[in-house]
Amino acid sequence: MIIAVDGPTASGKGTIAKQLAAHFGVPHLDTGLLYRAVGQQVALGGGDPDREADALSACAFPDELLADPILRSEEVGGLASRVSVHPAVRAALFERQRAFAEQPGGAVLDGRDIGTVIAPDADVKLFITASVQERARRRWLEMTSAHIGREDEIPLAEIEKDIVRRDARDINRADAPLKAAPDAMVIDTTRFGKEEAFETVLEAVEEKLRG
């Protein structure tokens, strides 16, 4: 069983994906973390995330980088969005994600192109979304409470502007743009709390699996 969970940043897709994985007892992969690691590796090496050669070289990041909490920072999230536009980077990380999806017993993967590119044959495809304003509010609360990097000093308005910029890059990139797969279930979590969002998604997933 493969469950693909796509959606824009701070839509709640990561939390929902983790909850689904725990509920069904299968592994979970936050594919966005791979791109964040590439973006951070570019920065550590003094490279340019907008230069494909620099971003591709950073795909050889050490595995221990995935455990670094700095990857969750807003700054690194911006770097991830910039390196992800490069087709060579997406190709370099494709097999790693595909192998995770195809492991025995199934898996839950969340990202921006799981249902359209990584696992188009997924048993269940979800596209989790929310308003820009709500996503910015969630991201600001997450980052200020975690005190990661300098997010506690960033105004909410700046995070909202950054989300708009990242959405534009993700939606308009030529290779694997952010979009819902034609057969994905689109769920708007703007007015939901975490538990209500999960209950709504779980009901939809179980109904899909029964069908």
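Author: The model is predicted, so local features need pLDDT of at least 70 and side-chain atom pairs count only at pLDDT 80 or more, while totals for chains, interfaces and linings use all residues. Residues are numbered from 1 along each chain as its sequence is written, and side-chain values use heavy atoms, with hydrogens and water left out.

Reader: Why are S1 and S3 called paired?

Author: Two strands pair if DSSP finds at least two bridges between them. Strand S1 (residues 2-6) and strand S3 (residues 107-111) are joined by 5 bridges and run parallel; they are therefore paired under that rule. Asp 6 stands opposite Gly 111 in S3.

Reader: What makes S2 and S5 edge strands?

Author: The open sheet has the order S2-S3-S1-S4-S5, with parallel pairing. Strand S2 (28-30) and strand S5 (185-188) each pair on one side only. From one strand to the next, the twist averages 20°.

Reader: How is the angle between H2 and S2 defined, and what is its value?

Author: Axes are lines fitted to C-alpha atoms, for helices over the stretch in contact (heavy atoms within 4.5 Å). Angles run from 0 to 180 degrees between N-to-C directions. Helix H2 (residues 31-44) lies across S2 and S3 and runs at about 40° to S2.

Reader: How do you know that the radius of gyration agrees with a compact globule?

Author: The radius is taken over C-alpha atoms, and the globule rule is 2.2 Å times the number of residues to the power 0.38. For 211 residues a compact globule would have a value near 17 Å; the protein chain has 16 Å, which agrees. The C-alpha atoms fill a box of roughly 50 × 35 × 30 Å along the principal axes.

Reader: What is remarked about phi in Ala 10 and Ala 176?

Author: Phi of Ala 10 is near 65°, a positive value in a residue other than glycine. Ala 10 is in the loop between S1 and H1. Ala 176, also not a glycine, has a positive phi of about 50°, and is found in the loop between H8 and S5.

Methods:
Helix = DSSP H or I, 4+ residues; strand = E, 2+ residues; numbered from the N terminus.
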